[in-house]
Amino acid sequence: MELVTLRLDARHWRDCQAATIIARWDALAAKAVEPNPFYESWYLLPSLRALDTADRVELLWLEEDGRLVGLMPVRRHPAYYGYPVPHLRNWVHDNCFCGLPLVAPGRERQFWRAVLDWCDSNAGSSLFLHLMQMPGTGPLHLALKAELEAQQRGATTVLAEDRALLASELAPEAYFEASLGGKKRKELRRQYRRLAEEGVLQVERSRGAEGIVQWTAQFLELETRGWKGRAGSSLAADPATTALFRASLGGAAERGKLERLALTLDGRPIAMLATFLAPPGAFSYKTAFDEAFARFSPGVLLQHEALQMLADSEVQWVDSCAAPDHAMIDHIWRERRRIARHSIAIGGRMRRHIFTLLARRETGRVPGGIA
């Protein structure tokens with residue numbers, strides 16, 4: 001019987017930028033049991049360069065006989081949602097909408113076991129492991145739940161929310177008719193006709209890299225002119241998020257992992273949508289529309305066009321990456337994806353006892369496993 005050697009190391013992300021390492025990283029992402037574009041090299045590395053200026057993030061890097069089979073970024077946090085409670089956490093940020101590790105098929109339980117062993121041995125001052133932006137279904141969720149139960153390790157789900165998901169066997173127009181009532185569909189058709197009277201109205205869709213620099217600049221300018229620009233929360237408001245957006249869209253486009261959709265009037269974009277392609281799924285990353293045309297609902301009209309994703313044989317579902325109860329997308333996309341935050345006991349008996357007390361105080365119940 002052939003022996004398999006698994007080894008997990010914590011590597012600083014700056015040591016993982018060589019072309020040979022990125023090639024191994026990309027190979028893992030291409031066959032991962034569940035997709036997560038936000039942890040692929042073309043998104044995570046630009047995120048780290050832009051946002052981890054204090055060099056605090058490490059990559060948990062699991063190898064099997066020299067082959068990369070698991071990867072997850074982590075960092076140590078001195079505070080837990082405003083409370084002075086140190087802990088370990090998978091690294092996500094405001095523009096990272098999924099915290100699933102990249103794991104090779106068949107290595108789900110081994111990955112979580114290795115991560116938990118590493119946390120036990122390298123806890124430092126951290127009192128527990130906190131996992132954010134975790135889908136509440138799928139192979140990795142089931143593997144984590146099973147491993148926690150097998151180890152009788154304390155854990156709890158501290159928050160679970162549902163966000164809009166597009167997943168249906170219906171054709172795009174049939175789905176649109178099933179989602180919206182006749183009165184609303186009639187109103188949208190009227191708005192489309194009225195908007196077309198304003199000039200030459202076109203829908204532009206691309207999955208290539210040609211023109212990506214100009215498209216990205218147009219998106220940033222369009223978003224800045226809207227409410228996010230006025231609130232100071234647009235991507236262009238911060239040089240770090242500007243750099244991340246430009247680098248990640250460019251990297252995704254070069255790999256054929258980006259769909260760009262735009263509604264243009266006389267050649268000028270009035271609504272834009274960037275979607276990351278990660279078969280069998282996709283992630284609706286960023287959208288913006290021109291508020292000067294708000295009376296025509298250009299954002300909703302663009303989402304109507306985005307339903308064409310249902311006709312793509314390689315895409316089984318699209319994660320909206322939207323907040324729960326989103327005012328617009330929740331009325332069009334009828335399916336939901338559960339997204340959760342889990343806290344998990346690590347270390348020895350005393351540390352785990354402290355975790356139990358903290359978890360009970362936060363949730364009002366003894367930590368009996370993740371939901």
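Reader: Is Leu-44 buried or exposed?

Author: A residue is called buried under 20% relative accessible area, exposed over 50% and partly exposed in between, with a 1.4 Å probe and protein chains only as cover. Leu-44 has a relative accessible area of 2%, so Leu-44 is buried.

Reader: Before we go on, what kind of model is this?

Author: Residues are numbered from 1 along each chain as its sequence is written, and side-chain values use heavy atoms, with hydrogens and water left out. Local features need pLDDT of at least 70 and side-chain atom pairs count only at pLDDT 80 or more, while totals for chains, interfaces and linings use all residues, because this is a predicted model.

Reader: In which helix does Leu-44 sit, and which residues is Leu-44 in contact with?

Author: Helices (H or I, at least four residues) and strands (E, at least two) are DSSP runs numbered from the N terminus, and Leu-44 has its place in helix α2, residues 41-51. With contact meaning heavy atoms within 4.5 Å, and leaving aside neighbours within four places in sequence, Leu-44 is in contact with Trp-25, Phe-38, Tyr-39, Leu-59, Leu-71, Pro-73 and Trp-91.

Reader: Where is Leu-100 found, and what is its relative accessible area?

Author: Leu-100 is found in the loop between β4 (87-90) and β5 (102-103). Its contacts, leaving aside neighbours within four places in sequence, are Glu-34, Asn-36, Tyr-39, Gln-133, Met-134, Pro-135 and Leu-140. Leu-100 counts as buried, because its relative accessible area is 1%.

Reader: How many of the residues of helix α10 are buried?

Author: Helix α10 covers residues 298-306 and is mostly covered, and its buried residues include Pro-298, Val-300, Leu-302 and Glu-305. The cover over the buried residues of α10 includes α6 (182-196), β8 (201-206), β9 (258-265), β10 (268-278) and β11. The number of buried residues in α10 is eight of its nine.

Reader: Strand β11 came up there, so what is the relative accessibility of Ser-284?

Author: Ser-284 has its place in strand β11, residues 281-289. Not counting residues up to four places away in sequence, Ser-284 touches Leu-273, Ala-274, Thr-275, Val-318, Asp-319, Ser-320, Cys-321 and Trp-333. Ser-284 counts as buried because its relative accessibility is 9%.

Reader: Which two residues does a cis peptide bond join?

Author: Most residues other than glycine have a negative phi, and most peptide bonds are trans. Pro-280 lies in the loop between β10 and β11. With omega about 10 degrees, the cis peptide bond joins Pro-279 and Pro-280.

Reader: Is Asp-65 buried, partly exposed or exposed?

Author: Asp-65 is found in the loop between β2 (58-64) and β3 (67-77), and its phi is near 50 degrees, a positive value in a residue other than glycine. At 48% relative accessibility, Asp-65 is partly exposed.

Reader: And what is the relative accessible area of Gln-152?

Author: Gln-152 lies in the loop between α4 (139-151) and β7 (155-166), and has a positive phi of about 50 degrees although it is not a glycine. Gln-152 is exposed, because its relative accessible area is 73%.

Reader: What distance separates the end C-alpha atoms of helix α11?

Author: The expected span of a helix is 1.5 Å times one less than its number of residues. For the 15 residues of helix α11 (residues 349-363) this gives 21 Å, which agrees with the model, where the end C-alpha atoms are separated by 21 Å.

Reader: Finally, what is the radius of gyration of the whole chain?

Author: The secondary structure of the chain comes to 11 helices and 13 strands. The radius of gyration is taken over C-alpha atoms, and the globule rule is 2.2 Å times the number of residues to the power 0.38. That rule gives 21 Å for 371 residues, so the chain is as compact as a globular protein of that length, with a radius of gyration of 22 Å.
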